[in-house]
Amino acid sequence: MGVAAGPIRVVVAKPGLDGHDRGAKVIARALRDAGMEVIYTGLHQTPEQIVDTAIQEDADAIGLSILSGAHNTLFAAVIDLLKERDAEDIKVFGGGIIPEADIAPLKEKGVAEIFTPGATTTSIVEWVRANVRQPAGA
């Protein structure tokens, strides 16, 4: 276990105007069933609302689900707000319909991982366990 006590806390969010949340709900349930505490924000969240929730809930990570094509703008806005609010220790990962060509630039901006269609819930749970809340020097 990492430096903090208790289960990993993950905010799962649907930023922007995207109205399809089935995948986000599946991921939220998989993380919950794996013993994590999950805060699902619901549809149509702004980056500000997502970051506010993550900070208020003392989250270890934010999982974003985007199918609308606005991933470059919305992921960047969440990352920038975390930096502005000295909350860069909250890892951001995401998934959805994200073209392969956009993945490397998103990671360069600070997105820790991107899961595309076909990623299994098991692989996402394993990634969160392995990469969120790591002790210093790990």
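At what angle do the axes of helix α1 and helix α5 cross? The model is predicted, so local features need pLDDT of at least 70 and side-chain atom pairs count only at pLDDT 80 or more, while totals for chains, interfaces and linings use all residues. Residues are numbered from 1 along each chain as its sequence is written, and side-chain values use heavy atoms, with hydrogens and water left out.

**View 1. Helix α1 against helix α5.** The axes of α1 (residues 22–33) and α5 (residues 121–131) cross at roughly 55° and come within 10 Å. V26, I27, A30 and L31 of α1 meet T121, I124, V125 and V128 of α5 (heavy atoms within 4.5 Å). By class, this contact has seven nonpolar residues, one polar and no charged.

**View 2. Salt bridge of D21 and K25.** The two side chains meet at 3.3 Å, N to O (a salt bridge is a side-chain nitrogen of Lys or Arg within 4 Å of a carboxyl oxygen of Asp or Glu). D21 is buried at 15% relative accessibility, whereas K25 is partly exposed at 45% (buried is under 20% relative accessible area, exposed over 50%, partly exposed in between, with a 1.4 Å probe and protein chains only).

**View 3. Salt bridge of D52 and R85.** The side chains of D52 and R85 meet at 2.3 Å, N to O. D52 lies in helix α2 (residues 47–56) and R85 in the loop between α3 (71–84) and β4 (91–96), so the pair ties together parts 33 residues apart in sequence.

**View 4. Network of R9, E37 and E57.** Salt bridges link R9, E37 and E57 in a network.

How values were computed: Axes are lines fitted to C-alpha atoms, for helices over the stretch in contact, and angles run from 0 to 180 degrees between N-to-C directions. Helices (H or I, at least four residues) and strands (E, at least two) are DSSP runs, numbered from the N terminus. Ala, Val, Leu, Ile, Met, Phe, Trp, Tyr, Cys and Pro count as nonpolar, Asp, Glu, Lys and Arg as charged, and the others, Gly among them, as polar.
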